[in-house]
Amino acid sequence: VRAVGLSQRDPGVARARILFRAMSHSPSDADAALIRRLDRIEADVFADVFDACPPALAQGLGVRVVRHDGGAVSLLAPRLPTSFFNRTLCLGNDRPASEADVDAVVDAHASSGVPEYWVHLGPGARPAELGAWLEARGLAIPQRRAWAKVHRGPGDVPHVPTSLRVAEIGPEQASAFARVVLAAFGMPPPMAPWIEALVGRTGNR
């Protein structure tokens, strides 16, 4: 995947990044379709995560989702100045993107005022000129140019002996779950209500 961003040569301007999913070969049609599907799953899941943010916290952080014509999804949280919460997925996936689609994505992030963001481009993104269009708008490939995704088929899960107990949690464990997530990912305590809101949400396990 390729990530694009504004050049650091432009002081005071937001830096964007393009993440490229690196492959040693051009994907087959089947692989490209699978990659687009996985990107859509990630976009839909994170859009739902953003939608779950409690209104007061969402207003304070500027949390919102922009669902573009053509299928791209921009996640915006400008007062959480980390690219993980400020990125666009699925550009050029559902249909070949146009330069107008690229402008809409760039404008969404620029207008939010976030200092840095990512635009994900998978090997299945179309057209082939898409990366060049982003770079022509001042975006640049970062040092970290890959975004890992893990995929497995629908078969049985192999049995692995362990003393650990794996169980689905409910709302009564939401506070404990939030404490673990905040500590593991270095998130500030005010984000706890957002993480708690994900527990028991339809489609999340």
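Author: The answer starts with the ground rules, goes to the pocket, and then moves on to a helix and the loops.

This is a predicted model, in which local features need pLDDT of at least 70, side-chain atom pairs count only at pLDDT 80 or more, and totals for chains, interfaces and linings use all residues. Residues are numbered from 1 along each chain as its sequence is written, and side-chain values use heavy atoms, with hydrogens and water left out.

First, the fold. The protein has six helices and six strands. These are DSSP runs numbered from the N terminus: helices are H or I of at least four residues, strands are E of at least two. Along the sequence the order is β-β-α-α-β-β-β-α-β-α-α-α. Of the 205 residues, 45% are buried. Buried means under 20% relative accessible area, exposed means over 50%, and partly exposed lies in between (1.4 Å probe, protein chains only). A contact means heavy atoms within 4.5 Å. Among contacts with a separation of 6 or more, 63% join residues 24 or more positions apart.

Now the pocket. Rolling a probe the size of a water molecule over the atoms shows where empty space is left. A pocket here is an open set of points, on a 1 Å grid over the protein atoms alone, where a 1.4 Å probe fits and protein lies on both sides within 12 Å along at least five of seven lines. The largest pocket holds about 640 Å³. That volume is the space filled by probe spheres set on the points, which are joined across faces, edges and corners. Its lining has 23 residues, and Val49, Phe177, Val181, Ile195 and Leu198 lie nearest the centre. A lining residue has an atom within 4 Å of a point. By class, 17 lining residues are nonpolar, four are polar and two are charged. Nonpolar covers Ala, Val, Leu, Ile, Met, Phe, Trp, Tyr, Cys and Pro; charged covers Asp, Glu, Lys and Arg; the others, Gly among them, are polar.

Next, α1 itself. Its 23 residues should span 33 Å at 1.5 Å a residue, and its end C-alpha atoms are 33 Å apart, so the two agree. The expected span is 1.5 Å times one less than the number of residues. Its buried residues include Ala43, Phe46, Ala47, Val49 and Phe50. Among the elements covering the buried residues of α1 are β3 (64-67), β4 (73-76), β5 (87-89) and α6.

Helix α2 (residues 55-61) contains proline 55. Proline 55 counts as exposed because its relative accessibility is 69%. Proline 55 and tryptophan 194 are 139 residues apart in sequence, yet 9.6 Å apart C-alpha to C-alpha.

Then the cysteines. Cysteine 53 is buried, because its relative accessible area is 6%. Cysteine 90 sits in the loop between β5 and α3 (99-112). Its accessibility is 2%, so cysteine 90 is buried as well. Cysteine 90 has a positive phi of about 70°, although it is not a glycine. The disulfide count is zero, with a pair of cysteine sulfur atoms within 2.5 Å as the test.

Last, the loop prolines. Proline 96 also lies between β5 and α3, and is partly exposed at 46%. Beyond its neighbours within four places in sequence, proline 96 contacts Asp101, Arg126 and Pro127. Arginine 126 and proline 127 are themselves joined by a cis peptide bond, with omega about 0°. Proline 127 is in the loop between β6 (116-121) and α4. Proline 142 is in the loop between α4 (130-136) and α5, and is buried at 16%.
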